[in-house]
Amino acid sequence: MISLSDVNVLPIDSFVDRFGDVAEHSPWVAEAAGALRPFASREAMVLAFAQAVRTAPRSLQLKLVNAHPDLAGRAARAGSMAADSVKEQAGAGLDTLTDEEYARFTDLNDRYRARFGFPFILAVKGATKHRILESFAERVGNAPAVEFENALGQIARIFRFRIEDRVSPD
């Protein structure tokens, strides 16, 4: 863990090196958030990451959303996800699915992506595979604009969890 006071004095390239993976394969988020330092609190840091995304052009937001892997998807089985995603999905039990559960996730991932054009995103830390499936079922019928906002909101929750795992509250 790093202290907030140390976070605030990191050169921008070191900040991006350390936090560039908080946003899945999108270091531009850390670069934009890092420009908002100094952070008065860890909460302010979390909000800076969220603000970086909220103020970005929609095309960049969509690239960020699409950088996320499908939950319990092919990338998980192939081992090609970011380390934080692997840990988070494993914590929700998505690494121990039965073949039937995997087939259900695959079906929902495919249906969701076909409807919205991006992957289903849920901050899975603290969730179970059953709760994730319930969320899928609840959200797959949403309007596209609503679901895009849900995706951005879930990404902000992911930022929170990842920053809380790395930065001590000063």
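Among contacts in the protein chain (heavy atoms within 4.5 Å) between residues at least 6 apart in sequence, 72% join residues at least 24 apart. The structure is a predicted model, in which local features need pLDDT of at least 70 and side-chain atom pairs count only at pLDDT 80 or more, whereas totals for chains, interfaces and linings use all residues. Residues are numbered from 1 along each chain as its sequence is written, and side-chain values use heavy atoms, with hydrogens and water left out.

The secondary structure of the protein chain amounts to 10 helices and 2 strands, where helices (H or I, at least four residues) and strands (E, at least two) are DSSP runs numbered from the N terminus. Read from the N terminus, the order of these elements is β-α-α-α-α-α-α-α-α-α-α-β. Of the 170 residues in the protein chain, 49% are buried; here buried means under 20% relative accessible area, exposed means over 50%, and partly exposed lies in between (1.4 Å probe, protein chains only). The accessible surface of the protein chain is about 8200 Å², and carbon and sulfur atoms account for 54% of this surface; the areas come from the Shrake-Rupley method with a 1.4 Å probe, and for residues only the protein chains shown count as cover.

Helix packing is described here for H4 and H10. The axes of helix H4 (residues 42-54) and H10 come within 9 Å of each other and cross at roughly 145°, the axes being lines fitted to C-alpha atoms, for helices over the stretch in contact, with angles running from 0 to 180 degrees between N-to-C directions. The crossing of H4 and H10 is right-handed, a crossing being left-handed if the near helix is turned anticlockwise from the far one by less than a right angle, and right-handed if clockwise. On the H4 side, the contact is made by Arg42, Glu43, Met45, Val46, Phe49, Ala50, Val53 and Arg54, and on the H10 side by Glu149, Leu152, Gly153, Ala156, Phe159, Arg160, Ile163 and Glu164. Classified by residue type, the contact of H4 with H10 comprises 9 nonpolar, 1 polar and 6 charged residues, where Ala, Val, Leu, Ile, Met, Phe, Trp, Tyr, Cys and Pro count as nonpolar, Asp, Glu, Lys and Arg as charged, and the others, Gly among them, as polar.

Side chains of opposite charge can pair when their charged atoms come close. With a salt bridge defined as a side-chain nitrogen of Lys or Arg within 4 Å of a carboxyl oxygen of Asp or Glu, the count comes to 11 salt bridges. One of these joins the side chains of Asp21 and Arg166, with an N to O distance of 2.7 Å. This pair links distant parts of the chain, 145 residues apart, with Asp21 in the loop between helix H2 (12-19) and helix H3 (27-34) and Arg166 in helix H10 (residues 144-166). Asp21 is partly exposed, at 38% relative accessibility, whereas Arg166 is buried, with a relative accessible area of 16%. A further salt bridge is formed by the side chains of Asp107 and Arg111 (3.4 Å, N to O); because these residues are 4 apart in helix H8 (residues 99-116), about one helical turn separates Asp107 and Arg111. Asp107 counts as partly exposed at 37% relative accessibility, and Arg111 also counts as partly exposed, at 40%. The closest N and O atoms of the salt bridge between Glu147 and Arg139 are 2.5 Å apart, and both Glu147 and Arg139 are buried.

Several local features are found in and between the helices. A cis peptide bond, with omega of about 5°, joins Arg37 and Pro38, and Pro38 is located in the loop between H3 and H4. His25, a residue other than glycine, has a positive phi, near 50°; His25 lies in the loop between H2 and H3 and is exposed, with a relative accessible area of 57%. Ser14, in helix H2, is partly exposed, with a relative accessible area of 28%, and the C-alpha atoms of Ser14 and Gly34, residues that are 20 apart in sequence, are 9.9 Å apart in space. Thr128, in the loop between H8 and helix H9 (129-139), is partly exposed at 41% relative accessibility, and 8.3 Å separates the C-alpha atoms of Thr128 and Leu94, which are 34 residues apart along the chain.
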